[in-house]
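Biologist: Let's go through the labels on this model. For each one, I want the value and the rule behind it.

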Amino acid sequence: MELWKGRFKKKLDSQTNDFNSSISFDSRLYKEDIMGSIAHTKMLEKQNIITKKDFTESEDALTKILEDIQNGSLEINNNAEDIHTFIEEELTKRIGDTGKKLHTARSRNDQVALDIRMYLKEEIINIIEALKELEDVLIDKAEENLYTIMPGYTHLQRAQPITFAHYLMAYCEMFKRDIERLDKNYDSTNVMPLGSCALAGTTHNIDRKYTAEILEFKDVTLNSLDGVSDRDFLLELAFNISMIMMHLSRFSEEIILYCSWEFKFLELDDAFSTGSSIMPQKKNPDITELIRGKTGRTYGNLMALLTLMKGLPLAYNKDMQEDKEAIFDSIDTIKNCIKTLIPMVKTMNVLKENMKKAAETGFINATDCADYLVNRGIPFREAYKITGEIVGYCIDNNKILENLELEKYKEFSDKFENDVYDEIDLINCINKRNVIGGPAPEQVKQHIEKLKNK
């Protein structure tokens, strides 16, 4: 039954009905719709708009409908126009005319705005908790690798020595910022639109703040037009999910690289790898490749939502029905990606010797060699040139800075002495970078503790 059929003489065309229907995807909002309806009827009873008996009957029936859906004894009717219609029809079927009072001082416009805010509030918390769990795993790995030397890269070229712990904590910072953005997103979502009705509020003496208090919203919307047509909070979440997926994609890309034979810094557990149908030697990092690929669909959802909203006049328009599939898909995608990534990171094997070998053969201590000369009075540009010439010599003669003879060093500058070998030792190079944010193990330990406390 269409809730709006009173003005119409003809039944809606069946194909048009299917096209118009949203029950196939908004059915996941059944819990929010029922809890919002219970709060609404409680407010109506408080304001003497309906009787206490009406409220008690409605609350009991709505609670039973919720239980029946959850235990599977009530199947949601996919022929209903939307979840709101289904719930109201089921209520009326169970308690008769009393159920028809449910929609007093309410429209589907503010009802759906309420439901989606309630749903997203819970999902934002779920995503935050998943990110925290991922950060816990990264921190555990970092604590295991405080002294695991590896090359740091710029332009994907070996640049300077760092530790694997320092590398992992860089992603912890990204996810920390993601959590902070989600916290703010929760605040912007935590405003109740119910009472805006279709677009202009209601003539009934409702108490919106009382309803908000029941539903644990911090405030109510202050403009009825905006209350039903605002989806900024939803767009914020779509953007925030895209940002998180971008960070997950960067991390996935590096895991893919580091698992390759060309790097061989990491090895994934067999439970999180796949093979080839034709090449028996293959061990593929499919999970990370899928995360990298799924990032694109969350970007697509964000662009779809931005495009959806860009030309809509106030207030509600049917176009806005399209917001749900996109945001639901982004939420499902991010949760599945994080859920799958956590055990993969937890079980991956760090090949420390391979990391150290790569660090030893990339001249990543060349800057420290130049700094050695600077500390002995040579201007940096000249020290840079001298060190570059030494590196060129080493490349031509298959040597590294650590095993180049002192006599050869002195041919480039008489400032070199035996202590140069201590200055360019890789672990010393890392330990000397003992500044806030640096890779020195002491600084990384402090970073870990600070993040744990946060």
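Modeller: Start with His103, in the loop between α5 and α6. Helices here are DSSP runs of H or I, at least four residues, and strands are runs of E, at least two, numbered from the N terminus. This is a predicted model, with pLDDT of at least 70 needed for local features and 80 or more for side-chain atom pairs, while totals for chains, interfaces and linings use all residues. Residues are numbered from 1 along each chain as its sequence is written, and side-chain values use heavy atoms, leaving out hydrogens and water.

Biologist: Which residues does His103 contact, leaving aside neighbours within four places in sequence?

Modeller: Glu88, Arg108 and Gln111. Contact means heavy atoms within 4.5 Å. His40 is 63 residues away from His103 in sequence, but their C-alpha atoms are 8.8 Å apart in space.

Biologist: Is Glu90 buried or exposed, and how do you know?

Modeller: Glu90 has a relative accessible area of 8%, so it falls under the buried cut-off. Glu90 sits in helix α5 (residues 83-95). Not counting residues up to four places away in sequence, Glu90 touches Ile65 and Leu74.

Biologist: Now helix pairs. How do the axes of α6 and α7 lie?

Modeller: Helix α6 (residues 108-144) and helix α7 (residues 164-189) cross at roughly 165°, and their axes come within 9 Å. That makes α6 roughly antiparallel to α7. The rule: under 35 degrees is roughly parallel, over 145 roughly antiparallel, 65 to 115 roughly perpendicular, and the rest oblique. Axes are lines fitted to C-alpha atoms, for helices over the stretch in contact, and angles run from 0 to 180 degrees between N-to-C directions.

Biologist: What does the contact of α6 with α7 contain, by class?

Modeller: It has 19 nonpolar, 3 polar and 9 charged residues. Ala, Val, Leu, Ile, Met, Phe, Trp, Tyr, Cys and Pro count as nonpolar, Asp, Glu, Lys and Arg as charged, and the others, Gly among them, as polar.

Biologist: How are α10 and α12 arranged?

Modeller: Helix α10 (residues 232-259) packs on helix α12 (residues 323-347) at about 30°, with the axes 10 Å apart. That angle makes α10 roughly parallel to α12. The residues of this contact divide into 17 nonpolar, 2 polar and 1 charged.

Biologist: What is the hand of the α10 and α12 crossing?

Modeller: Left-handed. The near helix is then turned anticlockwise from the far one by less than a right angle; clockwise would be right-handed.

Biologist: Which residues touch the most other members of the largest nonpolar core?

Modeller: Leu248 and Leu266, in a core of 87 residues. Such a core is a set of buried Ala, Val, Leu, Ile, Met, Phe, Trp, Tyr and Cys residues joined through side-chain atoms within 4.5 Å. Beyond four places in sequence, Leu248 touches residues including Leu134, Phe175, Ile291 and Ile334. A second, separate core of 19 residues includes Cys369 and Phe416.

Biologist: What makes the backbone at Cys197 and Asn398 worth a look?

Modeller: Most residues other than glycine have a negative phi, and most peptide bonds are trans. Cys197 has a positive phi of about 55°. Asn398 also has a positive phi of about 55°. Cys197 is buried at 6% relative accessible area, whereas Asn398 is exposed at 74%.

Biologist: Where is the cis peptide bond?

Modeller: Between Leu314 and Ala315, with omega about 5°. Ala315 lies in the loop between α11 (286-309) and α12.

Note on methods. Buried < 20%, exposed > 50% of the residue type's maximum accessible area, 1.4 Å probe, protein only.
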